Amino acid sequence: ALSAGTRTATLSAMLHSGMYEASGTWAEEVGLPAKSGVSGAVWCAIPGVGGVCAQQPRIDGAGNSVAAMAMLRALVARLPEMSVFHGG
């Protein structure tokens, strides 16, 4: 098991830099700590709940999967309480 400090540091790093150059926009629009890879995988943490991963190989100019990001955006639009910035 990870210590609380390690969890906080990891989720913070994922939120502010896990989506390469798109990290700020991702954090603002989606609000999930995430890490993408040039393989087309995007893994998101839902703090206190678990995680979700989506994968599709076509990547955008920032190196993030186009379809995986669209699916995860749609998921958070449908379930906004998943976002770390959800107010309710």
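Predicted model: local features only at pLDDT ≥ 70, side-chain atom pairs only at ≥ 80, totals over all residues.
**Entry 1**

I began with the strands. Three of them form an open sheet in the order β1-β2-β3, and the pairing is antiparallel. Which strands sit at the edges? I found β1 (34-36) and β3 (50-55) there, each pairing on one side only.

**Entry 2: β2 against β3**

Next I went through the pairing of β2 with β3. Strand β2 covers residues 41-46, and its antiparallel pairing with β3 runs over six bridges. I noted two of the partners: Ala 41 bridges to Gln 55 in β3, and Val 42 bridges to Ala 54 in β3. Then I followed the chain through the hairpin, where three residues lie between the two strands. Gly 48 is worth a click in this hairpin, as it takes a positive phi near 80°.

**Entry 3: the helix across the sheet**

What lies across β2 and β3? I found helix α3, residues 66-78, running at about 140° to β3.

**Entry 4: the core**

I then turned to the largest nonpolar core, which has 14 residues. The members that touch the most others are Met 19, Trp 26, Leu 32, Ala 34, Val 42, Cys 44 and Leu 72. Both β2 and α3 supply at least two residues each, and α3 gives the most, with four. Val 42 was already in my notes as the bridge partner of Ala 54. As background for myself, nonpolar side chains tend to be buried together in soluble globular proteins.

Leaving aside neighbours within four places in sequence, I listed its contacts as Met 19, Gly 31, Leu 32, Ala 34, Cys 44, Met 69, Leu 72 and Arg 73.

**Entry 5: the cysteines**

Cys 44 had now come up in the core and beside Trp 26, so I checked its sulfur for a bond. How far is the sulfur of Cys 44 from the closest cysteine sulfur? I read 8.2 Å, to Cys 53. A disulfide needs the two sulfur atoms within 2.5 Å, so at 8.2 Å this pair is too far for a bond. Looking from the other end, the closest cysteine sulfur to Cys 53 is that of Cys 44. My disulfide count is therefore zero by this rule.

Is Cys 44 buried or exposed? I noted it as buried, because its relative accessibility is 0%. Cys 53 has 46% relative accessibility, so I put it down as partly exposed.

Technical notes. Residues numbered from 1 in each chain as written. Heavy atoms only, no water. Pairing = 2+ DSSP bridges. Contact = heavy atoms within 4.5 Å. Axes fitted to C-alpha atoms, helices over the stretch in contact; angles between N-to-C directions. Core = buried A, V, L, I, M, F, W, Y, C linked by side-chain atoms within 4.5 Å. Buried < 20%, exposed > 50% of the residue type's maximum accessible area, 1.4 Å probe, protein only.
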